[in-house]
Amino acid sequence: MVANPVPDHVPPEMVGDFSLFTSPCMSPTPNGDPHAAVACVHAGPPIFYSPWNTRAGQGTWVITRAADQRRVLQETEVFSSHRSIFASALGEDWPMIPLELDPPYHGVFRSLLNPLLSPQRVAEFEPTIRERAITLIDSIASRGTSCDVMKDFAFPFAVNIFLRFLGLPDHRLDTFVGWAKDLLHGDDLRRPAAARTIVAFIDELAAMRRKEPVDDFMSFIVHAQVEGRGLTDQEVRGIGVLTFVAGLDTVAAAIGFDLAYLARNLEDQELLRNEPDRIVLAAEELLRAYPSVQMIRVARKDIDFKGAPIRKGDFVSCATMIANRDPTEFEAPNTVDLTREGNPHAAFGYGPHRCLGSHLARREIVVGLEEWMARIPPFRIKEATAPITHGGHVFGIENLVLDWARPRPRGTGHIRGK
Ligand code: HEM
């Protein structure tokens, strides 16, 4: 990966050779675990500058202590989240809402959307989530004793829930999975094409629901009022696109990393199989150990931060995979302990932009694991395969081939970094 230029104001001694996209830290390690590899930054300073750590033509400052990340995420008058990431890929400039709005305007939309993803709404939605998980897993089990979890379960499950959440039928599942894959993992041609298709779809759905409302998410949005007025088309699009993007890769990655961990740790698998009530707590520990999101902010003004001269316009990275392995916050941070309690991890972020979908995401992960453990016998990583992990703004696994055909000696099968 080519390094972006180092700005003149960054002292050379503060430049670090590190990237969440293709860090040397993340190249194959003894156990091929990119999250543990990223944790190497804790041996270094609380902040450094990496010219490699973004694709946006600009490097980032990297904040390595969880407490300092919280400060950045809380001080929105200094660190903005307004970036138009999605729109800029189309050569346009509009925010994904509410993520790319700063307070106080952010709060207007956050208050509007909070009830739609509240714990109560998610509880009402749970039967649908469970039914989707069971259908997919039963279909996998009926086809044999092996599958690629990412392709056959994690990804379609996340997309399926999104469709149901929007109130759309499943028959377009494959189309949506294709769009999502191209958007998140396509090349420079496919990504903008998928982005355009998704925008066109959201616009079309919004127009339909304006004309003929039904009892669903989009009908609510297009008829909602903020500050005494209806939402503009661009605001509706900003909300629709974020809802599509935010919950796909993240949920799929969490399920993938969780099942990869369990495939390699048969005692823990047995524990959860025998005592499924432990899955809720275990899912929190797995979110701590294998979070997926790097949050980026833009400095709104010059500030000296722990001796670092951050200047207006600089990018600042708060990576959840770094915060969650901070030894000053977690005892033995590189050890996965499924019975760990009081787990104040940062997987869902912090401050005003803390994940709006966290209740839904948690339910999806827990229900996914519960139904998987209930329906699939003890599983391992299939011999002669190795999951390929990837870094980036959202960490993930490209393939995870599991096998439950016959027992094999413990401790084999590795996750390999890319
Ligand atoms: C395991 C799954 C998930 C993880 C790890 C995750 C993580 C995050 C993180 C770290 C943020 C903060 C981003 C920032 O401050 O820059 C965030 C924000 C957000 N997430 Fe999630 N997320 C997950 C699933 C979901 C789902 C399922 C949805 C919705 C359907 C969702 C919707 C959102 C929205 C709308 C925001 C922006 C909130 C705001 O700006 O106020 N997320 N998520």
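1. A definition to begin with: buried means under 20% relative accessible area, exposed means over 50%, and partly exposed lies in between (1.4 Å probe, protein chains only). By that rule C147 counts as buried, because its relative accessible area is 5%. C355 has a relative accessible area of 28%, so it is partly exposed.

2. A word on the ground rules. This is a predicted model, in which local features need pLDDT of at least 70 and side-chain atom pairs count only at pLDDT 80 or more, while totals for chains, interfaces and linings use all residues. Residues are numbered from 1 along each chain as its sequence is written, and side-chain values use heavy atoms, with hydrogens and water left out.

3. On confidence: pLDDT is the predictor's confidence in each residue, from 0 to 100. The protein chain has a mean pLDDT of 90, and 94% of its residues reach 70 or more. Please treat two stretches with care. Residues 24-31 have pLDDT below 50, with 18 contacts in the model beyond near neighbours in sequence (contact means heavy atoms within 4.5 Å). Residues 413-418 also stay under 50, and for them the model has 27 contacts beyond four places in sequence.

4. Which protein atom is the donor to the ligand's iron? It is SG of C355, the single donor from the protein, 2.3 Å from the iron atom. Donors here are N, O and S atoms within 2.8 Å of the metal (3.2 Å for Na, K and Ca); water is not among the atoms, so sites may look incomplete. C355 is placed in the loop between α14 (320-323) and α15 (358-375); helices (H or I, at least four residues) and strands (E, at least two) are DSSP runs, numbered from the N terminus.

5. Now the interior. A nonpolar core is a set of buried Ala, Val, Leu, Ile, Met, Phe, Trp, Tyr and Cys residues joined through side-chain atoms within 4.5 Å. The largest has 110 residues, and F153, L259, W372, F379 and L402 have the most contacts inside it. Helix α6 (residues 149-166) gives the most to this core, with 13 residues. Leaving aside neighbours within four places in sequence, the contacts of F153 include I137, I255 and W372.

6. Finally, the sheet: three strands form an open, antiparallel sheet in the order β4-β14-β11. Its edge strands are β4 (146-148) and β11 (380-381). Two strands pair if DSSP finds at least two bridges between them; β11 and β14 (residues 401-403) have two. I381 stands opposite L402 in β14.
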